[in-house]
Amino acid sequence: MVTGGKEGVRTKLRPLLEKGGSKGTLHIARSIAADNFVWLHSKSFVFGKPAALVDIFRVECGKLVEHWDVIMEMVPSEVNDHAYF
């Protein structure tokens, strides 16, 4: 959903941040690197709600060349005792 390059990222993220999409806090719980991939498992706030995130980056020549993410709202679970983190 984002065009390539720095300006594409800025264009997509600017409205999100201006609308309060994130409180600006990111807590990284786990990071994993293998070959030219890096995974981050973290928690933050998305549109004011706590969320669990997984970001996957592909690195080439010291630069991020691809990015994928999964964002899941963290809600109290009545089904099981397994925590998000």
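Predicted model: local features only at pLDDT ≥ 70, side-chain atom pairs only at ≥ 80, totals over all residues.
1. Strands here are DSSP runs (E, at least two residues), helices are H or I runs of at least four, and both are numbered from the N terminus; two strands pair if DSSP finds at least two bridges between them.

2. Residues are numbered from 1 along each chain as its sequence is written, and side-chain values use heavy atoms, leaving out hydrogens and water.

3. Strand 2 (residues 37-46) runs antiparallel to strand 3 over 10 bridges, and Val38 stands opposite Phe57 in strand 3. Strand 3 (residues 49-60) also pairs with strand 4 (residues 63-73), again antiparallel and over 10 bridges.

4. Have a look at the turn between strands 3 and 4. This hairpin has two residues between the strands, and Cys61 takes a positive phi near 55° there. Glu60 sits in strand 3, and its bridge partner in strand 4 is Lys63. Glu60 also lies 6.8 Å from Asn36, C-alpha to C-alpha, though the two are 24 residues apart in sequence.

5. A salt bridge means a side-chain nitrogen of Lys or Arg within 4 Å of a carboxyl oxygen of Asp or Glu, and the count comes to two. Arg58 meets Glu60 in one (2.6 Å, N to O), and Glu66 forms one with Arg58, the closest N and O atoms being 2.4 Å apart. Shared partners join Arg58, Glu60 and Glu66 into one network.

6. How covered are these three? Buried means under 20% relative accessible area, exposed over 50%, and partly exposed in between (1.4 Å probe, protein chains only). Arg58 counts as buried because its relative accessibility is 18%. Glu60 is partly exposed at 41%, and Glu66 is partly exposed at 32%.

7. Finally, Val2 lies in the segment before helix 1 (5-18). Val2 is partly exposed, with a relative accessible area of 43%.
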